[in-house]
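Please examine the sequence and the coordinates before reading each solution.

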Amino acid sequence: VFDNIRSALARFLKGGDYEKAVDEFIRELQKELVRADVNLKLAMELTSRIKERALKAEPPPGISRKEWFITVVYEELTRLLGGERKPSVKPAKKPWVIMLVGLQGSGKTTTTAKLAYFYKLEGLRVGLVAADTFRPAAYMQLKQLGEQVGVPVYGEPGNSDAVAIAVKGVEFFRERKMDVIIIDTAGRHHREEDLLEEMKKMSEHVKPDEVMLVIDAAIGQQAFNIARRFHEATPIGSIIVTKLDGTAKGGGALSAVAATGASIKFIGTGEKIDELEVFNPPRFVSRILGLGDIESLIEKVRRVQLDFTEEDARRLIEGKVNMRLVYKQLVSLRKMGPLGKIMQMIPGLGVKIPFEVDSKQLEEKMSKWLAIINSMTYEELDNPDIIDRSRMKRIARGAGVEVEDVKELLKQYELVKKLSKQLRRKDVLKRLGIRP
Ligand code: GDP
Ligand code: MG
C-alpha cells in the first residue's frame with residue numbers, strides 16, 4: 001500500500017503532461033482512500049475537490065505546479081480532519097460532562113480511564129460514572145481502572161437503570177466539585193434500537209457538554225453508518241479513534257467525521273492507560289495515505305525548492321557546475337533524510353542521483369566536506385578543475401582532513417558534472433517548470 005502511493009507520487013512527479021498526471025494520481029488516491037476504508041462517496045467528493053483546485057488555480061510563485069498539487073492534496077485531506085491545528089481538548093467550563101458512546105468492544109471503558117488519566121495530569125479533578133448496565137462485569141472493569149488511575153468511580157451494581165445511574169453519578173460528582181465528569185455507557189443491548197434509545201434518553205436527562213463517539217480504527221466501511229446512527233440518537237461532539245496501534249489505517253474514522261460533522265479529538269494507541277494522544281491531523285493523513293510522513297515531505301519539497309534555485313537548475317543544465325552547487329546538492333540530500341529516495345526524483349526528475357544516500361555515513365562526511373569547502377579559494381570553488389595534487393594537499397591541511405577526503409569530494413563534483421551532462425540530453429528545463 002505504501003508503495004502504491006509512493007510510486008503514484010513518483011510517477012506523478014515524473015509524468016510529462018500535468019493534467020494527465022493529475023488524473024492518474026487522483027485515480028490512485030481514490031483507490032487508496034477506499035482501500036483505507038474511507039467511504040466511497042467521501043473519497044469521490046474529496047478527490048474531485050482536489051482536482052478542481054489543482055486544475056483551476058495557479059500555484060504561488062516559486063513553487064512548481066506539481067509540488068503545489070501535492071500540497072493541495074495534503075491540505076484538503078488535512079482540512080477534512082480539522083485543519084493543521086491540534087484540536088482543543090480543554091474543558092470550556094467546569095464541570096465538563098463527557099458522555100462516551102460507541103459499540104461494544106470499541107474501547108469506551110478503556111478510553112474513559114485514559115481520559116481520566118489525561119485530565120488528571122492536566123491538573124483537573126475527574127470523576128467517572130459507570131453507566132453500562134448491560135454487561136455485568138462493566139462496573140468492576142471501570143472500578144479497577146479508576147483505582148489504577150486514582151480517580152473515583154460512581155456506580156450502582158445491581159441497578160439496571162443506566163439513565164438513572166448516569167443522572168445520579170453526574171449529580172454526585174457535581175456536588176463534589178469535580179472538574180471533569182466522564183460517563184461510560186453500554187455498547188450493546190438486546191436490540192440496537194434499545195441501545196440508541198438508551199443513549200438518547202441518557203443525553204436528554206444528563207445534558208452532557210460533549211458526547212464523544214468511540215470508534216475502533218479497524219471498523220472499516222461500517223464506520224459511516226454506525227456514526228450516523230449514533231449521531232441521530234445523540235449529536236456527536238467529537239470522535240475518538242481507538243486501536244490505531246494495530247494494522248488498521250483508520251480511514252473509517254474519516255467516514256465517521258463526514259457522517260457526524262464532528263472532529264477527531266483523541267486517538268488510542270494501545271491498551272495501556274497512557275496510550276492516548278491528542279489527535280494530530282497531518283500525521284493521520286500520512287497514515288491513511290500510507291506515506292511515512294507527508295507533513296515533512298511537504299516541508300522537504302519546499303526546502304529543496306529553496307536550496308535548489310532556478311539559477312542552480314540552469315547552471316546544472318548548462319553544465320556550469322561549480323563546487324558551491326555540488327555542496328548545495330549534498331546539503332539538500334542530507335536534509336531529505338530517509339525520504340531521500342523519493343525526493344531524488346525532484347531535482348533530476350527521475351534521473352537518479354548517482355551516489356548512494358547512507359545518512360549515517362553522510363553525516364560524518366558532511367562535516368568533513370564543509371571543512372574542505374571552507375579551505376578552498378574562491379577560484380577553486382568556481383572552477384574545481386584547477387585543483388591539482390598540490391592544491392589538494394594544501395586544502396586537506398587547511399581542513400584538517402586526509403587528501404583522500406578531498407579526492408572524494410572532488411569525485412562527487414565529477415558525478416554531478418556527469419549528471420549535468422545527462423540532464424542536458426533531456427527535456428529538463430520544461431519538466432522543472434523553468435521557462436527559458
Ligand atoms: P468497550 O466495550 O467499548 O468498553 O471496550 P473496552 O474498553 O472494554 O475495550 C475492548 C478491548 O479493546 C480491550 O481489550 C481493550 O484493552 C482494547 N483497547 C481499547 N483501546 C485500545 C487501543 O487504543 N489499542 C489497543 N490495542 N487496544 C485497545
Ligand atoms: Mg465497556
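## Exercise 1: The ligand shell

The shell around ligand 1 comprises one nonpolar, 10 polar and five charged residues; here Ala, Val, Leu, Ile, Met, Phe, Trp, Tyr, Cys and Pro count as nonpolar, Asp, Glu, Lys and Arg as charged, and the others, Gly among them, as polar. The model is predicted, so that local features need pLDDT of at least 70 and side-chain atom pairs pLDDT 80 or more, while totals for chains, interfaces and linings use all residues. Residues are numbered from 1 along each chain as written, chains are lettered from A and ligands numbered from 1 in written order, and side-chain values use heavy atoms, without hydrogens and water.

Task: identify which residues come nearest to ligand 1 and which helix gives the most to its shell.

Solution. 
1. Of the 16 residues around ligand 1 (a heavy atom within 4 Å), Gly105, Lys108, Thr109, Thr110 and Asp245 come nearest.
2. Helix H5 (residues 108-121) gives the most, with four residues; helices are DSSP runs of H or I with at least four residues, and strands are runs of E with at least two, numbered from the N terminus.

## Exercise 2: A salt bridge

Task: locate the elements that hold Asp23 and Lys51.

Solution. 
1. The side chains of Asp23 and Lys51 form a salt bridge at 2.7 Å, N to O (a side-chain nitrogen of Lys or Arg within 4 Å of a carboxyl oxygen of Asp or Glu).
2. Asp23 belongs to helix H2 (residues 18-35) and Lys51 to helix H3 (residues 40-56), 28 residues apart.

## Exercise 3: Backbone geometry

Task: describe the peptide bond between Lys94 and Pro95.

Solution. 
1. This bond is cis, with omega about -5°.
2. Pro95 lies in the loop between helix H4 (65-80) and strand S1 (96-101).
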